[in-house]
Structures are given as C-alpha cells and as structure tokens.
Amino acid sequence: MDKLSFDNFREEVLQDYRWACISRETSLLGRKEVLTGKAKFGIFGDGKEVAQIAMAKFFQPGDFRSGYYRDQTFMFASGLATVEQFFAQLYANPDVEQEPFSGGRQMNGHFATPWVSEQGEWLDLANRKNVSSDIAPTAGQMTRGLGLAFASKCFRNVKDLQQFDTLSTNGNEVCFCTIGDASTSEGHFWETINAAGVLQVPLVVFVWDDGYGISVPKKYQTTKASISDALSGFQKEEGTNGINIYKVKGWDYAALCETFEEGIRMARETHTPTVFHVEEITQPQGHSTSGSHERYKTTERLEWERQWDGMVKMRQWVIANALATEEELAHIEEEAKLQVREEKNRAWSNYLDPIKAQVAKTVDLLNDVASKNTAVAASIQSLVAELSGLREPLRRDVMRVLSTAVTLVGTHDSGYWLKDYYQDLQKENHSLYNTYLMNEGEKSALKVAAVAPSYDNDAPTLNGFEVLNHYFDQLFANNPKTFAFGEDLGYIGDVNQGFSGLQAKYGVDRIFDTGIRELTIMGQGIGLAMRGLRPIAEIQYLDYLLYGLQPLSDDVATLHYRTKGQQSCPIIVRTRGHRLEGIWHSGSPMGMVINSLRGMHVCVPRNMVQAAGMYNTLLRSNDPGIVVECLNGYRLKEKLPNNLLDYTVPLGIPEVVKEGTDITLVTYGSTLRVVMEAAQLLEKQGINCEVIDVQTLLPFDLEHKILDSLKKTNRIAFIDEDVPGGAAAYMFNKVMEEQGGYRWLDVAPKTITAKAHRPAYGSDGDYFSKPNAEEIESVVKKMMAE
C-alpha cells in the first residue's frame, strides 16, 4: 500500500509537471505566432504555471472562476481548455466549435464555460466546473467574483433555494478570483475585499505578484510594496469578520499545494474569504507581445527570474525528492513540445482552411466573370492575382475583393453568381460577428407577450410607491429566486418606501441593506444573476450610477455577445432619477446610459404601474435591464391593477398618450408630465399635439410608431431633460435617419433639452435648468408658424 501510495503521488506530480511544460511551450509558441503575423496580439501566463497547477487541484464541480487573461495553465490543468482551443482563440477563429470560449470575439486568454442551453435554460451548474467570461479591464473581475461567491451564501442561508439543486449544493461552492498584483491598486479590488470581509462569502483571491505592473515596480503600486502587508488589518480574528490572508512563494510547489488546500477548505466550509498573496512569480516573456521587459528590468532582476523560474524550481524539487530522473523529465519536456506544436498546427489549419475555401470559390467565380465579360476581364484578373497571392488571407480580404468585383461588373449578367456569393458571405459574416448582443431565442425580453393591466371596478387609488410595494410583495411571495438589495433598501424599505415592511416579511437574506458601495452592489447583482437567481440591485439615485457603471458596461452589457450566447446575466438594476432639484439628485444622464449599456434594456417608465409591468417583462426573460423610476412620481396617485404579476409592458413599443394632428411630441419619464402640461396650454390656442411616451430607450420604437405619427402631423419635437446632444439627439437620430422621418417633414425637427450644466438647486433651479411647459409651448408655436 505504501508503494501504491507513493506511485500515485509520483504520477500526480509528474502529470503536474507535464501540464506546466505544456503551458510554458504554449506561451513560447504563442508569442512566435504573434511576432510572425499569424495572430494580432498575445498575452500569456508563463511564470505562473506551478501556482496555477496547485490552484486547479482544489477547483471542484460547482465552483466558479472569475479571473483574468493569464490563467491558461489553470484552464489546462482543470480540463476546461485544450491547447488547440487556446490557439484557436489566439487566431480569432469565429467557429464556436473550434473556439468555445467566445467564438473568436475575445482575444487570447479570455475563457468561459457555457451555463445556459440554446433555449436559455440554466444548465446543471452544481455538477460542473464553471468559468465566468473574462474581461480585460484591470480588476474588473473582482466585483463579479464577489457576487458569484455571495450567491453561495444565499443558497446556503435561504431555505426556499434548497430546491434548486442544479444551481448549488447547499452553498458549498467557492469562487476562485485571480488578479495581477499591480491591479490590486484599483478601487475595484479594495471595495470588493471590504465587501467580502463584511459579507463573509467564499471568495478566494489569488494575487499573482511578479513585482511589476507592466514596467512600473510594485513600490510605486502598493503601500509597503506588499498587498498582504497592506491588507493585514483585514485579517480575520476570533469573534470578528474579515478575511484570511496567506503568503506563499510562487515557485514552491509543495507549499503552494499545502497552503491552497487549507485556505480553500476554510472558505468552502465557513464562507470566510481568503487572499493568497503569491510572491516571487516570474514573467519570462514580459508583459505581452507589445514590448520587451528587457527595457525596464535590470540585468540582475532578469538573472534572478531565470534562476527562480517556477519551472526551474519545480524541476529541481522533483529530482531532489527522487520522483524522477533527468532523463524522465527531459522526455516529458520533449513530449510537451511535440504535443503543443501538433495542436497549434491543427488550430491554424482549422482557422485557415475555411477562408482558403472562400478564396478558391471567389477565384473561380472571378475567372468565370472574366471569361464572360471582356470589358472588365483585365481588372478582374488583377483581383484574382491579388487574392491568390495572399499566403494567409483574412475574411475581410475576400469581402474587399468581392465588393470591388461587384462594382466593376455592375448590372452585367456575368456577375449574377458573384453577387449571390457576396450576399451569402455577408449573411455568414453577420452571423459570425454581429449576433447575440441580446438573447435571440425564447428568453428574449422582446418575445414576452404583452398583457395589459386590468382593474376592478372599485380599484383603489394609491400613491405610486404603494403600487410598487404591493407589486414587490406579490413578487417575493411567488418567486423564491428574487432578491433585492441596496443602500437603505432593507430595514426602512428604500428611501421612497417601495419595499416598506417587506424585509420583515421575507427576511434579511432576501431583502437587505448594503454599504455605500455602488460598484460592488452591481457586482453582487451580477454574480447572483449569473448563477440563475433574479436579483434587483438598487442604485439609490441615477446620479450614483457612475460608480457602478463600469461592470455594467464592460461585463453585463457585453456578456451575451462575447460568449456567443453561452452565458446570460439577467440582472435588473433598479434606480430613480429625473426632475428633482440640485446638481446631485436630479440625474437624467440617459445619453451616457444608452451609449454605454448597449446589451442591456433601458426602461424609462412614466409611473409606477408602468414600472411594475416592465419588471415583469424583464423577469420573464434572460436579458439584463435597468429601470429608471421617476423620482418625483412616488406620491402621485395611480389605480392599482388586479393583475400585478401578470401585467407586462412590451419593450421597444411607444405608447400614444394623447392623440393629435398638428405636431408630434416625443418624450419619456418625468418629462412626459411637463409635455402634457404644455400640450394642454397649446390646445387652448388651437394647436393639437400628439404626445408619445417612448417607454424604453433600448430598444427604441421597433414598430416605427413615431414615424406613423409624423406621417400624420409632419412636425416633430423630441423633449427630455438630458443634456443637449444626449437622449433627445439619440431619439432624433433614430426617427430622422433610421426610420427615414425626414421625408415627412414640413418644418425642421427640434430637440428640447436641459441646459449643458447640471440643474441649480431649488424649484427655480429646476425650472430654468430643465425644459418647462412655457419653453415647450414657445418652441411649438414657432414651429407651427413656419
């Protein structure tokens, strides 16, 4: 038995060394592929092999990884990536079968595993190893990692979630989060660590410390030049919250295995967050293919890195402990080189062969044209020579040549099949590169059937916040996957009382307060949504969205696209804005929102009944969305529908709230009430306005209802309280350019917006800073006089 145990241990160690050799060779050959022009850019994980192999040993089914672009060794050792797939991504192969992480949409080292089916149903995440799709923004993975770990706490503490055993096993999952040492200088890192320490969630952070942030030494990055020393006040002690902190050398295979095992076990069992400061990591090829580390590292530093390379030290350790001979290790190293070379070559062939097939067919079609159309034969043959002469053609080369040829041929019959093939490739390339921004199947919010609100004859008239309170009460009673959280949302029921009394009813684990930390509130929501739950994450005021915008823009809004539909994040961001007074509580930066959140639905309800319908629509889909409630609408009176949970508002469909014949006024949210006031003033003067509420800015007027109105009135103005050039200009562009509205104009269209500055404080500040009824009346009268 002792012999068997030793043999098993020896084989495991040698297999680990084999993975290290494979990963190192992948980095070396990958760099060459970039420098020879086969790939655009490369960034690799060389120097981190030994630490990541140790890390992979403790990554279990159900666990999640929220990492960054240097984790290739971990992916190989975990069985979640092959070398061939790694090179397929390096070459940007758009075939998801060949490059399963992003279908060629992300640069190399950005990994992902599927967690929704083609129908949008959540897979059995509890019994598979899960990787959240990587993003490049430094420390951007931290906030999402917090949320993925926080979901384990929710699954463990909320009894009603025990039934969803394909999503979690009693919250035993750990989120592995990796980050480079220099990126710990980002606020994302500090806010996440603080939140994790407060919340006590199984987040395990591996800090790879190679001493530099590109060229800048860590003494300029981190207090005391040590992230673990800087974090020492966070160390958990008896009777306190906090985190466990470990230091370990990145070249010490045995110590890495022992240290990681202890820290990860504690995180899994007790939900105590952990930071592993992995020091003395090396970076043999420098930061990336964009430069050379010889430019900023001293000769002494470079020599130290060669001697203390983790591969060198592991090799020495294996021999010193009589686990293998020099010859055996040399054989492993040679086999690794051969394997990587073969997989690289297969990846290159799989990438290039389909393009070469397009080239061959294009050349055949061009030759056919040249034989039938002597007028352009010489020019066509020149294109044939150009395309055939490309040793490593790209799809764009094929399209450029085809476009040129189609122009040359014009309407001549000889170009029929050429044009047909060009159109086929346009469709194919659209599918490869321009799809899956949002869900396209049954889980699309755009496929949720519209259900109108219905009312009892004696339906009560309530304040807007009371309507929402009734809605959220029914929602949480009927959907155990729902969670709501934010600043002041739990105990007092949010600053406008939409959740009043509901924490006491549904518990502090489902409706709860957070610290003042918008960035990681979004991170909590992102992680919960990624794990199959339905969070409503609140930003208290729209003005504060800037703090939490980065993960929404870089992570949530791009997720479905960058995984080619394999991952979804149906977070709902609840916030409130518009029309209050003062610079910091009057936010209407909708231009910023719609331009930075392409990939999310942006809902701008005019009242709280409408908001409830929008929440229902989003909850029936897998699409993420943001709902901006009207800050000055909570105490306006509304009738209470009797179908609060069934009522849905179709997204992208404007509503005509007042019919008219003379001019179309397009707006949304709180500004609608100002526009209606102006319309009533104008009605008394014989001007009949048609008023349209767009309801959602993303998507926008999918059925061109605004254009239908413009065809009737031949005049149009777009009104909102964003800055000039903001959302009003966006609406203008949609209707005038995309819908062709300019063809139906009798007078120049107008936008009426707030001023470029933020609103001054007080009621007068609101009146003079944002559109008012008299201003709208004046503009419309001038338009009618033209």
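The exercises below work through parts of a predicted model, each with a solution in steps. Residues are numbered from 1 along each chain as its sequence is written, and side-chain values use heavy atoms, with hydrogens and water left out. Because the model is predicted, local features need pLDDT of at least 70 and side-chain atom pairs count only at pLDDT 80 or more, whereas totals for chains, interfaces and linings use all residues.

**Exercise 1. State into which domains the chain is divided, and how far apart the centres of domain 1 and domain 4 lie.**

Solution. Begin with the bounds, which come from an automatic or database domain assignment: domain 1 covers 6–324, domain 2 covers 352–433, domain 3 covers 445–639 and domain 4 covers 655–785. Then take the C-alpha centres of domain 1 and domain 4, which are 51 Å apart.

**Exercise 2. Describe how helix H13 is oriented against H11 and against H12.**

Solution. Helices (H or I, at least four residues) and strands (E, at least two) are DSSP runs, numbered from the N terminus. Axes are lines fitted to C-alpha atoms, for helices over the stretch in contact, and angles run from 0 to 180 degrees between N-to-C directions.

Step one: the axes of H11 (residues 326–372) and H13 (residues 395–409) come within 10 Å and cross at roughly 15°. H11 is therefore roughly parallel to H13 (angles under 35 degrees count as roughly parallel, over 145 as roughly antiparallel, 65 to 115 as roughly perpendicular and the rest as oblique).

Step two: contact means heavy atoms within 4.5 Å, and the residues that make it include Tyr351 and Leu366 of H11 together with Val398 and Val409 of H13.

Step three: H12 (residues 377–388) packs against H13 at an angle of about 180°, with the axes 10 Å apart, which means that H12 is roughly antiparallel to H13. Among the residues of this contact are Leu383 of H12 and Val401 of H13.
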